[in-house]
Amino acid sequence: MIKEIKMPNLGTTTNEMKIVRWNKNVGDEIKRGELLFEVETDKAVMEVESYLSGYLKKIIVEADGMVETGSVVALIGNETDELEHEEQHEQVEIQKREENVIVEKAQEVRISPMVKKIADKLGVDYTKVQGTGPNGMITKADIENFDKDNNNETKNVEKFNRIGRATAKAMTTSKTTIPHVYFTIEIDAASMIKRRTDSNKTITYNAMIMKAVADCIKDYPYFAAKYTDEGRILEEKFNIGLAVARGNDLLVPVVADAGRLKIEEIEQQIKLLADKVKEDKLQQNDVSGGVFTITNLGGFGIDSFSAIINPPESAILAVGRIAEKVIPVEGNFEIKSIMKMTLSVDHRIINGVYAAQFLQTLKSTLERI
């Protein structure tokens, strides 16, 4: 008996995903729990396992196709099952996948009620939008990328990919809804340099900073808090994110429960996540659950900068380069290796004194690491 395989709910922040690749071909035997295909969400590539056993009879949505939770992506059956009246069957499947789609017959505009609502909110005439979804369906991305003034015919526009759109939305939300306050401190990096040298450069500054941050959060738990109208939600596990770039994409893989790890273990996790970023193999759990983010541009010669908080977190630490600086010491002058750090905090959760105390403790921790 032919059965449908539908896109399961992956617990992501978006309902729209792209199938990256199929791991099975038509005719292959599939066992329940076996990897079937991979999808790209707004944050990562996720593996999807089959919840049925049988033989793959037909792939409804090919690689690079867009899907939504609950839509039919494939057909599965017994080895001897055959697809009768395939064209008619395919039309039935398309109809099922689009049963909630509004169709403007005069112009054959296909749009879901949810996307139509977004179009109305943004003031976009969806009848002028070119749909890129299955069978020309207009997607949320089509509405968001539509140029109202130039009827979607603007030239030289490099459209955001899914990660780019998610990043733009998150950063806009952060700057428009979170009251940022910034604090900068200088750290004598001599102990950090020695620790890295003693490890034959197997321990990075990022691992040291992450360990120090995790230890400090134990004494300043508001840095692991999330804002609600009722108050602060305090997290028990200190999952620390490290901002990384992949091409033009900004990703924040997370070291889980960093507060319980040694520096060497944190270093291993950072390297593992870095490899996943390069190979485009980040999973949803690799980028979820962060309570604090570190971003380091010191390797690019940046002295200092202010970063935007990654919502719903309460703070982010921007790290600059280590540079030699002349420092007055007891009437004399010494040349010291100085690292600047700028802390951005959500002023609804963290006040100035609390942030300053956190930075003082972080400075003390790193100067004797």
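Which residues line the largest cavity? The lining consists of E40, K43, A44, V45, I163, R246, L251, D280 and L282. The model is predicted: local features need pLDDT of at least 70 and side-chain atom pairs count only at pLDDT 80 or more, while totals for chains, interfaces and linings use all residues. Residues are numbered from 1 along each chain as its sequence is written, and side-chain values use heavy atoms, leaving out hydrogens and water.

The structure holds one cavity of 30 Å³ or more, and the space in the largest cavity is about 40 Å³. A cavity here is a set of points, on a 1 Å grid over the protein atoms alone, where a 1.4 Å probe fits but cannot get out; lining residues have an atom within 4 Å of a point. Volume is the space filled by probe spheres set on the points, with grid points joined across faces, edges and corners. The lining of this cavity divides into five nonpolar, no polar and four charged residues. In this classification Ala, Val, Leu, Ile, Met, Phe, Trp, Tyr, Cys and Pro are nonpolar, Asp, Glu, Lys and Arg are charged, and the others, Gly among them, are polar.

The helix packing can be followed from α6 (residues 205-219). Helices (H or I, at least four residues) and strands (E, at least two) are DSSP runs numbered from the N terminus. Axes are lines fitted to C-alpha atoms, for helices over the stretch in contact, and angles between N-to-C directions run from 0 to 180 degrees.

Helix α5 (residues 190-198) packs on α6 at an angle of about 120°, with the axes 10 Å apart. The two helices are therefore oblique to each other, given that angles under 35 degrees count as roughly parallel, over 145 as roughly antiparallel, 65 to 115 as roughly perpendicular and the rest as oblique. M192, I193, R195 and R196 of α5 meet Y205, M208 and I209 of α6, where contact means heavy atoms within 4.5 Å. Five of these residues are nonpolar, none polar and two charged.

With helix α8 (residues 352-366), the axis of α6 comes within 9 Å and crosses at roughly 135°, which makes α6 oblique to α8. On the α6 side the contact is made by M208, I209, A212, V213, C216, I217 and D219, and on the α8 side by Y354, F358, T361, L362, T365 and L366. By class, that contact has ten nonpolar, two polar and one charged residues.

The axes of α6 and α7 also come within 9 Å, crossing at roughly 120°, so α6 is oblique to α7 as well. Here N206, A207, M210 and K211 of α6 touch I263, I266, E267 and I270 of α7. This contact comprises five nonpolar, one polar and two charged residues.

Two backbone features remain. Most residues other than glycine have a negative phi, and most peptide bonds are trans. D257 is not a glycine, yet has a positive phi of about 50°; this residue is found in the loop between β18 (254-255) and α7 (263-278). The peptide bond from P311 to P312 is cis, with omega near 10°, and P312 lies in the loop between β19 (292-296) and β20 (315-329).

Technical notes
1 Å grid on protein atoms, 1.4 Å probe; cavity = no way out; pocket = protein on both sides within 12 Å on 5 of 7 lines; lining within 4 Å.
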